[in-house]
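Student: Could you show me how to read this structure, one feature at a time?

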Amino acid sequence: MIVILTGAPGAGKGTQADLLAQREGYKKISTGDALRKQIKEGTEIGNKAKSIMAEGKLVPDDVLLGILQSELEAARGFPILLDGYPRNVAQAKALQDLVGKNGIRGAIHLEVDPGALIQRISGRRTCVNCGASYHATTNPPKREKVCDRCGSEVVQRPDDTEEKVKVRLGVYESETRPVLDFYRNLGLYHRVDGNGTTESVYKALAAQLRSLA
Ligand code: AP5
Ligand code: MG
């Protein structure tokens, strides 16, 4: 079972996918986390992606398809939550080709008001090792700058500056929003209001997922 979790930068995709992985046994596949891992390891893909991500633009589709294939292979046999893929209609079509007509159970759009998105991203802090997501004021790690989950350093992402966030939101509007219509046309689109607290959004999302299972 593959479910797509889509939404603007800062909507809470990573936060919710982590909770669903911990509590409901899903495997989270985050293409953003996978790319950041490649950057950390200094691989060829990582070196290619680093400046593109820092600018807030999309990494080329062929690179992402390779990453997606290996992540799907590693998660085989588990229910999967896709966080950060597909980011444009070409990627959505590539995913359909990869998993077949019935491979996607649903695409859930986590919708958050623009003002809240900026507030969430500007306070976001991320673990350099496992990608766990925190917020400086609403959800800080228990020990300052130390990840609760793996003990590594918690930092601000280089693409979380105000200037880069504007670029990312622009890319979302022009390239990723059309993906919503792609899934609407396939009858797979669902919307969950992402404006509430983390726990209230979780309840709504978990209920939506149960209705798809
Ligand atoms: P990616 O890592 O996917 O970033 P994104 O889509 O911009 O999304 P974010 O991770 O910023 O937001 P999120 O929705 O996960 O929010 P979070 O849960 O952290 O991609 C980064 C880059 O990689 C792209 O720009 C691109 O360059 C490249 N890339 C990745 N995939 C690609 C692809 N398929 N094709 C091409 N390029 C690709 O929450 C945000 C903050 O809000 C946190 O601080 C959190 O604690 C807080 N928060 C969460 N929920 C709540 C709540 N309910 N109430 C209050 N605060 C909350
Ligand atoms: Mg994320």
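Student: How many salt bridges does the count come to?

Tutor: Side chains of opposite charge can pair when their charged atoms come close. A salt bridge here is a side-chain nitrogen of Lys or Arg within 4 Å of a carboxyl oxygen of Asp or Glu, and by this rule the count comes to 17. Bear in mind that this is a predicted model, in which local features need pLDDT of at least 70 and side-chain atom pairs count only at pLDDT 80 or more, while totals for chains, interfaces and linings use all residues. Residues are numbered from 1 along each chain as its sequence is written, ligands are numbered from 1 in the order in which they are written, and side-chain values use heavy atoms, with hydrogens and water left out.

Student: With which residue does Asp-18 form a salt bridge?

Tutor: Its partner is Arg-149, and the closest N and O atoms of the two are 3.7 Å apart. Asp-18 lies in helix H1 and Arg-149 in the loop between S6 and strand S7 (154–155), so the pair ties together parts that are 131 residues apart in sequence. Helices (H or I, at least four residues) and strands (E, at least two) are DSSP runs, numbered from the N terminus.

Student: Which residues come nearest to ligand 1?

Tutor: A residue counts as near if one of its heavy atoms lies within 4 Å of the molecule; of the 32 residues around ligand 1, Thr-15, Lys-57, Arg-124, Tyr-134 and Arg-168 come nearest. For polar contacts, look for pairs of N or O atoms within 3.5 Å. A polar side-chain atom of Arg-168 lies 2.6 Å from an oxygen atom of ligand 1, while a polar backbone atom of Gly-10 is 2.8 Å from a ligand oxygen and a backbone N or O atom of Gly-14 is 2.9 Å from one.

Student: Which element gives the largest share of the shell around ligand 1?

Tutor: That is H2, with four residues; helix H1 (13–24) and strand S6 (133–135) also give two or more.

Student: How many residues line the second largest pocket, and which are closest to its centre?

Tutor: A pocket is an open set of points on a 1 Å grid over the protein atoms alone, where a 1.4 Å probe fits, with protein on both sides within 12 Å along at least five of seven lines, and lining residues have an atom within 4 Å of a point. The second largest pocket is lined by 34 residues, and Asp-33, Ala-34, Arg-36, Lys-37 and Asn-129 are the closest to its centre. H2 gives the most to this lining, with eight residues.

Key. A polar contact is a pair of N or O atoms within 3.5 Å; within protein, one must be able to donate a hydrogen and the other to accept it, and residues adjacent in sequence count only if both atoms are side-chain atoms.
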